[in-house]
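Subject: Structure for you to look at

Hello,

Here is the structure I said I would pass on. Please open it first; my notes on what was found follow below.

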Amino acid sequence: MTLLSLKNVSKHFDSTPAVAEVSLNVERGEFFGLLGPSGCGKTTTLRMIAGLEKPDSGTIEFDGQDITNLSPERRGFGMVFQNYALFPHLNVFENVAFGLRARHKPKAEIAQRVTSALELVQLPDYEKRRVDELSGGQQQRVAIARAVAIEPALLLFDEPLSNLDVALREETRGELRELVNRLGLTAVYVTHDQEEAFALCDRISVMMGGRILQTGKPRELYEHPAKISVARFLGRNNLIRVMRLSSSKSTLGEFKTLQGDHMLRLPIPHDELAPMNKPCFLAIRPEHLLITRSGARSENVLPARVRELNFAGATSSIKLDANGLQLEALVLQPDGLAIGDTCFATLPPERLLLLKND
Amino acid sequence: MTDQAEEAGSGSMEDGAGGDWETGRRGDGEKNTQSPNPQQPAPHLPAFPSPRLSLSPSPRLFLFLVTGVVLLYGVIYPNLHVVVSSLQRNNQWSLVNYREALSQSVVLESVFTSLGVSILTVLFCALVGIPLAFLFERYSFPASRLFAVLAALPLVLPPLVGTVAFIFLCGESGILARLVQLVFYLETPPWSLRGWTALLLFHTYTMYPFFYVLTGAGLRRIDAGLAEAGRSLGAGSVHVLFRVVLPQLTPSLVAAGLLTFMTSMASFSAPLLFGGSVRVLTLEIFTARQRGDLELALTETVILAAFSLGALTFFQRYEGTRKFAAAAMKGTGRRLKPITSGKARAAAIVGGVLFASLLVLPAATLVLVSFAQDGRWTTQTLPPAYTLANYARILTEKDASGVFINSLSMSAIAALAALVWSFCVVTLAMGKGSRAWKRLLSLLVLVPWALPGTVVAVALAEAYGKPSPLLGSYVLIGTFWILPVVYFLRFMPLVVRAVQASMEQLDPALEEAAGSLGARWWQRFRRVTLPLVWPGAAAGTLLAFVIALGEYVASVLLFVPSNRPISIAIASELRDLNLGAAAAYGVVLMGIIAVSMIIAAKFERWRS
């Protein structure tokens, strides 16, 4: 059931468009991610959901109510800011109690709810501490406790982990997800970190240039990026510029690579995706390339020369030059290959993805 | 005699007042005048203030009304009135006032004299202030911190008090002159404190801190890593100075030059007391009004205002060019080079002690003279007899002590009103709105600060000295309230600056966090904004308060018996040759200022 829904929301700053025609739906109980490079409009979108910015056009609905013009203090959403925005003049207890005091809750209830919120983030007994005495990770937890204490109808996160070091970030990530699950909250989470988004979110919208390019479950995004820019942003894809050769009636696409003059074949369900004689892109993940030392010249098998070998623990990355076409493969065993060796790279048709032009 | 206090006052506030909401670049550390301690670098602000949480329409309308009414009554109407009046003769539009004014050689001469004095003042102040800043910012030696703080002392000395102290110390019958006369058995005093030399000496003494403070702040802001990078690329230290350091310092130097220029153009007490035959424009306006030649006074006022506003325009433009400032925030820390060579160290200490005594001498003289028995100090080097009678008189005599009550209450009223109003203006200016509107607001707030006190006083006197369209039959001139109003107008830009600086330092996310936690605008202000900005705001308010306490330039044109302030009392004691009483007033004033500045420094420290 849809809890939050944005319909064609747009926002300009001066004359620069920040968010253009964004529509999305967040289900109740869902952990929803907004993922994109910096400047893509994801934070502006989150701030519009929070009520901190007003959209120029479009509507925002929450639980069936239009909240587009509702002020932030009336929305009852909790927000965790990138720099935490803890009140420096208040101690930990008063920070967490802030939203409850604004609601004029009775003293006893405030004390009880603050204590339980601090227990939730594993910071009991920190009530009297000054916030500037806390480490970054602890400040982060206080910020989360403060947002959770008001029992928010929706929890908003603006890159909350970006100021933590790597180890702490991964640990906090797990706890965050567990906390949101345990409280049964709905959350919208903004990040530029693909790994973080994949690990945390049930569904993700990838944003670029103020628009949502694709929305889906992490696995769908990873395996089936719909557009070149999504494939590029999600990283580590071999992007191959090709020209379609076969006639548009065939369901088997025949493509010629612009570098290296190789022929690649793959089944394509939608004819209109690849107009004849127009350059387009095929994508394949490096772990989906098969590398063999010897091979027969057959369909989708490209002879190549090893250009670079990088050992990276469990896997090794092999950079290949197939007659001018640069490819990267991830393998478990480099199979005794050395730089300068010849080998064969197989690009399985079912793994090749035809990308939509942006 | 007192207007220098005002000048000094405007000097200090200039530091503070250069903020510009439109660019969000506030006055910059260098101009952080609300800090009584010039050594405290003002923290940097983001280049563009983030728009704050918007207010709901009704409080915003209220703020708009309050701000608009004050600006209309205090800034727009009086100044427009003066310009319009200067362009009319017998209710007919005409340039005849200007033709007549500019055809009088004495007017033209005073314009050129004012410009000449100001340009030379800038030059001398730069020669003193810039090397001092380099000395204290680059090297450390015993007690260098103390000397560094002392060097900014003249900023808080009321110009009138400074002038009086200068006369006692350096005047032809002052202590120094008598000492020289005694030592060399001279028949006549060795010099007279009159004319260009005296004026420039005094201006340099009171205004070099602009260069000193602004250059120092500029140097502090320059990333030491840049100079190191220059050195690592093979540039010698002279090359680094000219290619790396000075280009980044230029905006600070230009700003300091303009501030000094504006303050010098507004200078009134020093020319009045020892200008001699040097007739500057402020003095011409004053005497024209005394003569009753109102049309000439008005026309000269507009001419003087044009110079000040011209300088302000340049000043703001240079403010805006300081783009690299923020970029230099992160970087290599600057280390002071200790002076290790024994001779250089000794020279630095001796120089420092001499310099410090030079700065402290005028104030010390004032204290000494305040204990002198009036009438007994005739030809001796130092006063021969000492007494507490001067203090007893000014503190107990009803007429005399009344001026303290007047000055304290009027300054307090003005400063508190400025505080409340500043919150209105700054909240409005930091909210939503077009750039043009913010630029206009910022300019209107700055105008009374940039205008010489003489101009502000003349404008108010003209606008509200008779029944007016804005006040109906109520005539403000001649009432008690005219001086609090003048003090408010002249010094509110200081408070606005302080409040603005504090508010801009607030992370906008704090208010947003409060909003997202359910706090309404009033709760956000009371529970988040106010607790975090009050130390800075209070420091700015105190500064405005102490500067208003010593205000003379505008007071002398507008005071009435019911609101006679301290500065007027000092001037009239001096005229009656009650030197001891005049000095005692000055000492008490300095005492109040010192206490206030110490409190303000505490606030500043809390703020950081």
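How many Å separate the centres of domain 1 of chain A and domain 2 of chain A? Taken over C-alpha atoms, the distance is 40 Å. Please keep in mind that this is a predicted model.

Chain A

The two domains of chain A cover residues 2-228 (domain 1) and 236-355 (domain 2). Where they meet, four residues of domain 1 of chain A are in contact with five residues of domain 2 of chain A. On the domain 1 side of this contact, two residues are nonpolar, one is polar and one is charged.

As for the chain as a whole, the C-alpha trace of chain A spans about 80 × 45 × 35 Å along its principal axes. Its secondary structure consists of eight helices and 20 strands. Chain A has 358 residues, and 40% of them are buried.

Contact between the chains

Chain A also touches chain B. How many residues does each chain bring to this contact? Chain A brings 21 residues and chain B brings 18 residues. On the chain B side, helix H21 (508-516) and helix H22 (521-549) each supply at least two residues. H21 of chain B gives the most, with seven residues. Sorted by class, the side of chain B that touches chain A holds 10 nonpolar, five polar and three charged residues.

Nonpolar core

In soluble globular proteins, nonpolar side chains tend to be buried together. In this model the largest nonpolar core has 274 residues. Which residues have the most contacts inside this core? They are A:Ala345, B:Val164 and B:Val486, so named with their chains because the core is a set of buried residues joined through C-beta atoms within 7 Å. Helix H20 of chain B (residues 482-505) provides the largest share of this core, 16 residues. From chain A, domain 1 (2-228) and domain 2 (236-355) each contribute at least three residues to the core.

Leaving aside residues up to four places away in sequence, B:Val486 touches B:Val456, B:Ala457, B:Leu460, B:Ala554 and B:Leu558.

Regards

Key:
Residues are numbered from 1 along each chain as its sequence is written. Chains are lettered from A and ligands numbered from 1 in the order in which they are written. This is a predicted model: local features need pLDDT of at least 70, side-chain atom pairs count only at pLDDT 80 or more; totals for chains, interfaces and linings use all residues. Domain bounds come from an automatic or database domain assignment. Two residues are in contact if their C-beta atoms, placed from the backbone, lie within 7 Å. Ala, Val, Leu, Ile, Met, Phe, Trp, Tyr, Cys and Pro count as nonpolar, Asp, Glu, Lys and Arg as charged, and the others, Gly among them, as polar. Helices (H or I, at least four residues) and strands (E, at least two) are DSSP runs, numbered from the N terminus. A residue is buried if 20 or more other C-beta atoms lie within 10 Å of its own, exposed if 12 or fewer, and partly exposed in between; C-beta atoms are placed from the backbone.
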